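User: I'd like to learn how to read the features of a protein model, one at a time. Could you walk me through this one?

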Amino acid sequence: MKLLRYGPAGAEKPAILDAEGQIRDISSLISDLGGDALSDASLDRIRQADISALPVVQPQRIGACIARPGKFICVGLNYADHAKETGKAPPEEPILFMKAASAVVGPNDDVEIPRGSQKTDWEVELGVVIGTRAKYVDEAQALNHVAGYCVVNDVSERAFQSERGGQWTKGKSHDTFGPTGPWLVTRDEVANPQNLALWLDVDGVRRQTGNTNTMIFGVAHLVSYISQFMTLEPGDIIATGTPPGVGMGIRPEPVFLKAGQVMTLGIEGLGEQRQTTVEARA
Ligand code: ZN
């Protein structure tokens with residue numbers, strides 16, 4: 001299933017994309033797409049419903065496909081070819097950092113260039129959405145705790161990330177730095193999360209091309225690994241790292257975003273996003 005949220009920011013309703021590509025409201029089945037509504041039992045209930053009887057809607061806006069994630073966990077340098085372009089050695093264990101959950105926005109919402117930013121950058125990533133609580137899970141069981149997958153743009157301000165002291169969080173957490181969606185594609189429809197093509201364009205110029213088959217640590221390993229340190233809860237999102245082609249990796253000179261540019265990005269089978277960059281608003 002492809003599940004989504006539509007409507008004005010802060011007042012989204014849950015929906016499903018039907019076989020004809022129409023969006024149908026599922027408010028009669030779940031109150032929102034997040035938390036316990038992502039359990040296998042809840043998703044089965046949606047699966048068994050008569051979708052054709054649900055109201056078709058034609059929304060002006062698609063929201064983030066997950067409501068209020070408790071945690072937005074990111075994995076750094078997780079593609080062998082991206083680690084190489086940053087000049088850093090591939091990590092021996094997954095690098096984890098957090099993005100503020102308040103950074104999450106819809107897939108086609110504007111992305112803000114923070115005040116004083118010189119180095120706002122893009123990162124297309126496979127997002128993994130947790131469906132059931134995971135604590136100390138084995139790699140063999142890990143994918144059973146995943147509700148599904150989505151596209152994430154892990155927007156990053158490189159100077160805030162690496163030149164302002166401390167951890168990466170400052171450079172990853174500005175409002176709008178987490179476009180998520182358009183759909184949550186349930187795990188039964190993603191035969192192999194380790195063989196998905198990813199791409200990102202800026203103003204129509206292809207910048208990132210990759211495939212999840214060059215991840216250093218795969219999804220099952222990451223879910224199991226993270227669950228050794230913290231409990232993964234329903235609705236938590238894991239952004240699993242970015243393939244090569246980020247702005248800071250461009251030679252001879254890095255390229256960064258300014259207001260008025262357009263990012264388009266997508267992942268095979270998971271849909272596409274489109275964001276326009278704007279000056280930050282208070
Ligand atoms: Zn990232």
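Analyst: We'll go through pockets, a metal site, the core and a few backbone details. Keep in mind that this is a predicted model.

User: Let's start with pockets. How much space lies in the largest pocket?

Analyst: The general idea first: rolling a probe the size of a water molecule over the atoms shows where empty space is left. Here the largest pocket holds about 320 Å³ of space. It is lined by 21 residues, and Arg5, Gly10, Glu12, Ala64 and Val104 are the closest to its centre. Sorted by class, the lining has nine nonpolar, five polar and seven charged residues.

User: What about the second largest pocket: which residues are the closest to its centre?

Analyst: That pocket has a volume of about 250 Å³. Of its 20 lining residues, Lys88, Arg158, Gln161, Ser162 and Met248 are the closest to the centre. Strand 5 (72-76) and helix 4 (158-162) are the elements that give two or more residues to the lining, and helix 4 has the largest share, with three residues.

User: On to the metal. Which residues are the protein donors of the zinc ion?

Analyst: The zinc ion has Glu123 (OE), Glu125 (OE) and Asp154 (OD) as protein donors, lying 1.9 to 2.1 Å from it. Along the chain these donors follow the spacing E-x1-E-x28-D. Glutamate 125 in strand 10 (residues 124-130) and aspartate 154 in the loop between strand 11 (146-153) and strand 12 (156-157) are 29 residues apart, so to speak a link between distant parts of the chain.

User: Are glutamate 125 and aspartate 154 buried or exposed?

Analyst: Both are buried.

User: Now the core. How many residues does the largest nonpolar core have?

Analyst: It has 47, and Val223 and Leu270 have the most contacts inside it. Several elements supply at least two residues each, among them strand 1 (2-6), strand 8 (111-113) and strand 18 (262-267). Helix 6 gives the most, with five residues. Domain 1 (2-57) and domain 2 (72-279) each contribute at least three residues to this core.

User: Speaking of proline 252, which residue does a cis peptide bond join to it?

Analyst: Arginine 251, with omega at about 10°. Proline 252 sits in the loop between strand 17 (237-239) and strand 18. Another cis peptide bond joins glycine 181 and proline 182, where omega is about 20°. Proline 182 has its place in the loop between strand 13 (178-179) and strand 14 (184-186).

User: Last one: what is phi of tyrosine 136?

Analyst: Positive, about 50°, although tyrosine 136 is not a glycine. This tyrosine lies in the loop between strand 10 and helix 3 (139-142), and is exposed, with a relative accessible area of 54%. Aspartate 203 also has a positive phi, near 50°. At 44% relative accessibility, aspartate 203 counts as partly exposed.

How values were computed:
Residues numbered from 1 in each chain as written. Predicted model: local features only at pLDDT ≥ 70, side-chain atom pairs only at ≥ 80, totals over all residues. Heavy atoms only, no water. 1 Å grid on protein atoms, 1.4 Å probe; cavity = no way out; pocket = protein on both sides within 12 Å on 5 of 7 lines; lining within 4 Å. Points joined across faces, edges and corners; volume = space filled by probe spheres on them. Nonpolar A, V, L, I, M, F, W, Y, C, P; charged D, E, K, R; others polar. Helix = DSSP H or I, 4+ residues; strand = E, 2+ residues; numbered from the N terminus. Donors = N, O, S within 2.8 Å, 3.2 Å for Na, K, Ca; no water. Buried < 20%, exposed > 50% of the residue type's maximum accessible area, 1.4 Å probe, protein only. Core = buried A, V, L, I, M, F, W, Y, C linked by side-chain atoms within 4.5 Å. Domains from an automatic or database assignment.
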